[in-house]
Amino acid sequence: MRLTTPITLGELARVAAGTVSGESAFEVRGIASLEGAGADELTFARSASMRERATASAAGALLVPEDFGKTDRPAIIAPDVDLALALVGEYLAARECPPPPPGVHPSATVGEGASVGEGAGVGPGAVVEAGASVGARARIGAGVYLGHGVAVGEDTLIHANATVHWGCRIGARCVVHSGAVVGADGFGFARSPDGSYHKIPQLGNVVLEDDVELGACACIDRAMLDSTVIARGAKLDNLIHIAHNCRVGEGTAMAAQVGVAGSTRIGAGCQFGGQSGVVGHVRLGDGVRVGAGSPVIKSVADGVEVWGFPAREKSRALREMAGAARSGRLAEEIRALRRRLKALEADAPPAAGTGDS
Amino acid sequence: MRLTTPITLGELARVAAGTVSGESAFEVRGIASLEGAGADELTFARSASMRERATASAAGALLVPEDFGKTDRPAIIAPDVDLALALVGEYLAARECPPPPPGVHPSATVGEGASVGEGAGVGPGAVVEAGASVGARARIGAGVYLGHGVAVGEDTLIHANATVHWGCRIGARCVVHSGAVVGADGFGFARSPDGSYHKIPQLGNVVLEDDVELGACACIDRAMLDSTVIARGAKLDNLIHIAHNCRVGEGTAMAAQVGVAGSTRIGAGCQFGGQSGVVGHVRLGDGVRVGAGSPVIKSVADGVEVWGFPAREKSRALREMAGAARSGRLAEEIRALRRRLKALEADAPPAAGTGDS
Amino acid sequence: MRLTTPITLGELARVAAGTVSGESAFEVRGIASLEGAGADELTFARSASMRERATASAAGALLVPEDFGKTDRPAIIAPDVDLALALVGEYLAARECPPPPPGVHPSATVGEGASVGEGAGVGPGAVVEAGASVGARARIGAGVYLGHGVAVGEDTLIHANATVHWGCRIGARCVVHSGAVVGADGFGFARSPDGSYHKIPQLGNVVLEDDVELGACACIDRAMLDSTVIARGAKLDNLIHIAHNCRVGEGTAMAAQVGVAGSTRIGAGCQFGGQSGVVGHVRLGDGVRVGAGSPVIKSVADGVEVWGFPAREKSRALREMAGAARSGRLAEEIRALRRRLKALEADAPPAAGTGDS
């Protein structure tokens, strides 16, 4: 990241709870990776094993751990580089992209009986419908729509142009990215004898428990009657689809473009590769891992890793795919056997009714 | 669904066109499934066969058909439970999430010559560009953008933050969910000899015929010259992509994340599993079924069910996949045959030029 | 496309830099394909080889090249039909869907220190945060959000309801379609020993170089520290996901719903079929082609075409799939060999320890 205005290394060390080695007045104008950093930027090395790459870096300043040893340029020495980096990052991000000021932007629309908590901000053009509540210190981005009776928890961040429909509940410390749609109607239709579809009302809601993160343009449909639930601490990436009545367990992580069909229940601590999918009405246990792109078409027990088209236990899938790849060679081997057999048969005494070619 | 204010069973029975058995003054505070309902909630059983589950339910009240028999708690008796449920659902949804009042919200922008029909509502921050028309009783959600000359039919519902670009036509009784984009440019580029791309203007439009439903973040691109058509009664789920110049037939249903490439024509009454896809410039007949996750790479005749990678007739795909799974066993069988053959050859009289190993 | 007001053929010829054959006063009320055009519409034929289809067309007027020969109805004769069509299309599109007038719509919000270039337009309800800059003649659609310090280049078009987050840079002559999200946080979490996730700050940005086009609801995540880069002239279709720290090379084209996981680097001039995907931390060379729906799970060299599940060199994938399809036949052949072998063994003299069944 480039900074719009520079900051001294000394100031950054204070933020990072570290100490400075070398020129404290060094002006940092950006933070970047070892390879990406320039002469006016700070980079970091997590351990002394990265010393060589750090030396080769063009960075003007370093952030290093205490056991890193002597540095050849101005540096911040920190007890925990990752923590220091998180602190510095948070500080600089807030400097570059200040949160909306607390309060409701004059261009926002707040309905009757809606409440906006202490220190919470509602951005330009956002809509908070009647009966909705925004928790303390929550931030509602520009153009966000919160439907009737929606509840948003404390310290939750809903980014610009996301949409949350009536009656949905979003926990504390959640992050909902731009373009996400929470609580659109589940895809429920009854088919008439003439083949036309009749919409089944979708009356339930979506519940995002605390500490859930939802990617850009992710779509979580409302349940038919009860709740579609994304349990505490689950992290869902961009463009994910979760159909009505599903449950995604605690701390489950899904990479982008995953899709889960209706009424499927997924356990805790699962991991989904990008573009994988699960059919409706099945159960995945805890700790299940699904490979990228793999469609899961039946239930999966706790702790199992699945992969392939369709998804099956990974070792079996790899064996079967290797087998398929071998099929050409098998045909060749069969041809060879047939030649040898023919030669033997030509030499054998005649026997009635047993030969076939 | 939980209700913000309770409603009596008697009042609900009136809405459901049913009669009450037991305490008419029972206060209903929510509707839920048999398993999800609590003591202050109404649940339902579609037939007497669900009696056992109904008895086990914690629900305070029931909605049951006339032949259900005696109930052990307050109940609504209705001739058609599904119809009663739809009526109740619609009534309560409108109570919890009232439609925008007819008329144009003061924060909306309506261009010159645009018309808003009788009883239609345009929500906060919505934009209706010049020459666009909104049919009677249609509802345009907050933040929706309707481009120049867009026509929206009667009783159509366009949810918050959806976008419809210039010249597109949306029929009557359609539902367009949040984040959907109708009429973005088709993906058309001419490649120059130097490898760079030159944009081909996309001048056509999108036509959604009557009774179409479009999921959240679904994207239907405008045709190059004519129209991309989603025919009457088709239902498309979230995050679907329909490329330029396609036609999706009447009453075809597509689950989430389906993608269809350009100029493909899909018949009536087809069903697509989630994450399936179709290449460009092919034709799928009427009543085609495509399995979840399956890429269709050629035309498919009427009524055929396809599945697999790539999609092929389902029975064939299953046979071939079973074959692939067997390949390991085949290799084993070939080894066994080779051993037996070797033994026979060792015993046979020598024969010139026939053996191979 | 249908026109809201007619235009004479003579006027269109002037726009197309062509000449008229026949009635110059002919009133054109639409442009359509050879098959789709009606009696009051203009259609086109790229060469004399399309003469038969042109003659069969119901179109009232034609746009044809100079060597087309005599036409049977009013026509525009142009040296380069594609160029003429582009000119006519651009002219008519601007007439039907006029760009927002230069300047900032009164309902838009422009932050402190933000700049809007000469001739640029900012639509209703759009938000341009502090420090952002909009280049000359750029057009920012209704409801668009441009975060702090975002830079938008000259002549770039950002369609309604797209979102660009803080610090991202968009080049000149880019097109960003509705619902696209540029610069949402990369999906980066550190897993604690207890299985819970801790968000890793995403401080980098997204850089779209000049002449990039981004489809509707496409999501390009910001880098952790440096930049996620979509290089000059790349064209990305709808609903695409590009994860943090990726680079997509110059002039690479991706069809809809492609997904690329983090830190992957893709070369120049590549082509991706719809719904294909690439895992994280791999490299694809220049000119790579990836088949529709195929997940790429390792690096690919320059110029290679891959396909299949998982993606592998296309010729190999096709061979292996054909082999898998043959497996059923192989089993049949093995059974036949076994029968023949059994017959031979029955006739052979006994030999110790070699037979197996």
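Let's start with the domains of chain A. The assignment gives three entries: domain 1 covers 2–96, domain 2 covers 104–313, and domain 3 covers 321–348. Keep in mind that this is a predicted model. How far apart are the C-alpha centres of domain 1 and domain 3 of chain A? They lie 66 Å apart.

Next, a sheet in chain A. Nine strands make it up, and the sheet is open. Reading across, the order is β9-β12-β15-β18-β23-β26-β29-β32-β35. The pairing is parallel. Now look at the edges. β9 (115–116) and β35 (283–284) of chain A stand there. Each has a single partner strand, so one side of each is left without a neighbour in the sheet.

Let's zoom in on one pair in that sheet. Strand β23 of chain A takes residues 205–208, and strand β26 of chain A takes residues 227–230. The two run parallel, and four bridges join them. Here is one to find on your screens: Asn205(A) has Ser227(A) in β26(A) as its bridge partner.

Now to chains B and C. Their contact takes 57 residues from chain B and 62 residues from chain C. Stay on the chain B side. Which elements each supply at least two residues there? They are β20 (181–184), β25 (219–221) and α4 (314–347) of chain B. α4(B) gives the most to this side, with 17 residues.

Key: Residues numbered from 1 in each chain as written. Chains lettered and ligands numbered in written order. Predicted model: local features only at pLDDT ≥ 70, side-chain atom pairs only at ≥ 80, totals over all residues. Domains from an automatic or database assignment. Contact = placed C-beta atoms within 7 Å. Pairing = 2+ DSSP bridges.
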